[in-house]
Amino acid sequence: PGPDEALQLSPFEVREANTGYYATSTMSGTRLHTRIEDLASSISVVTKQQMQDFAMLDINDIFSYESSTEGTGNYTAFEVDRNGMVTDQVQNNPQGANRIRGIGSANISLSGFATSGRVPIDPGNIDAVEISRGPNSSIFGLGEGSGTVNLVASTANVSRESSVAEMRFDDIGGWRTSLDLNRPLIRGKLGARVSAVYQHDEYRRKPSGFETRRFNAMLRFQPFRNTSLRAS
């Protein structure tokens, strides 16, 4: 913009607003880009930098570090049926074995749209996680009474080139590799981003293990200043 012209950001997207662990805005309060300090709701935003530094890979890792939340690291859900058999809900449903405010599991939304929650959360294709606690999360019919978790999906950048490669190991034989590339094909107009994750989870009881492969592709087209089209 010119010296006397204000730069107006899209009210339907949160971007370029996070610095390290500190996030200033969210869409979980009103479904519009709103400053957190202007909301009366109990909302926490977990940035991508925080997820990387604390080795958070799923919703249970995130809930281990947030207030009024419980994941598989500090919460066990089991049931005893009429035959006396014990069913471990954590092993049967690790994605849903969590609680907010001690009430129940959170529902999952992606960029403000409700999802089934069956696909595990992974930092490879998200930029932030917004946790809204309590019945205020039922705004617009999305949330449960306990709370909701909104994933801020990653998008391509039309003006900045970036390349990120990561590799990590754990002490029981597990490992994870990831690659994230963003390229402006037409600077200021068209950008493409691809990411890939190959992860192997090892368990202490051999030879059990689990392998995950993720591939993501994103496009962003900005033909006009106030018009942006995104696909993933």
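View 1. At 27% relative accessibility, Trp 175 is partly exposed, a class that lies between buried (under 20% relative accessible area) and exposed (over 50%), with a 1.4 Å probe and protein chains only. Tyr 198 is also partly exposed, its relative accessible area being 27%. The ring centres of Trp 175 and Tyr 198 are 5.0 Å apart and the planes meet at 85°, so this pair is edge-to-face. Rings of Phe, Tyr and Trp (its six-membered ring) pair if their centres lie within 6.5 Å; planes under 30 degrees apart are stacked, over 60 edge-to-face, and the rest tilted. Trp 175 belongs to strand β15 (residues 175-186) and Tyr 198 to strand β16 (residues 190-202), so the pair ties together parts 23 residues apart in sequence. Helices (H or I, at least four residues) and strands (E, at least two) are DSSP runs, numbered from the N terminus.

The model is predicted: local features need pLDDT of at least 70, side-chain atom pairs count only at pLDDT 80 or more, and totals for chains, interfaces and linings use all residues. Residues are numbered from 1 along each chain as its sequence is written, and side-chain values use heavy atoms, without hydrogens and water.

**View 2. The aromatic pair Phe 54 and Tyr 65.** By the ring rule, the count is 3 aromatic pairs. In the pair of Phe 54 and Tyr 65, the centres are 4.9 Å apart and the planes are at 70°, so the arrangement is edge-to-face. Phe 54 sits in the loop between α1 (48-53) and α2, and Tyr 65 in the loop between α2 and β6 (69-70), 11 residues apart. Phe 54 is partly exposed at 33% relative accessibility, and Tyr 65 is partly exposed at 46%. Tyr 21, Phe 54 and Tyr 65 form one aromatic cluster.

**View 3. Asp 61 in helix α2.** Asp 61 lies in helix α2, residues 59-63, and is partly exposed at 27% relative accessible area. Its side chain reaches the backbone nitrogen of Leu 57 at 2.9 Å. Neighbours within four places in sequence aside, Asp 61 is in contact (heavy atoms within 4.5 Å) with Ala 55 and Met 56. The C-alpha atoms of Asp 61 and Gly 71, 10 residues apart along the chain, are separated by 7.1 Å.

**View 4. An open sheet of 5 strands.** The strand order is β5-β12-β13-β10-β11, with mixed pairing; two strands pair if DSSP finds at least two bridges between them. The edge strands, β5 (43-47) and β11 (113-114), each pair on one side only. Strand β10 (residues 107-110) pairs with β11 in the antiparallel sense over 2 bridges. Ser 109 stands opposite Ala 114 in β11.

How values were computed
A polar contact is a pair of N or O atoms within 3.5 Å; within protein, one must be able to donate a hydrogen and the other to accept it, and residues adjacent in sequence count only if both atoms are side-chain atoms.
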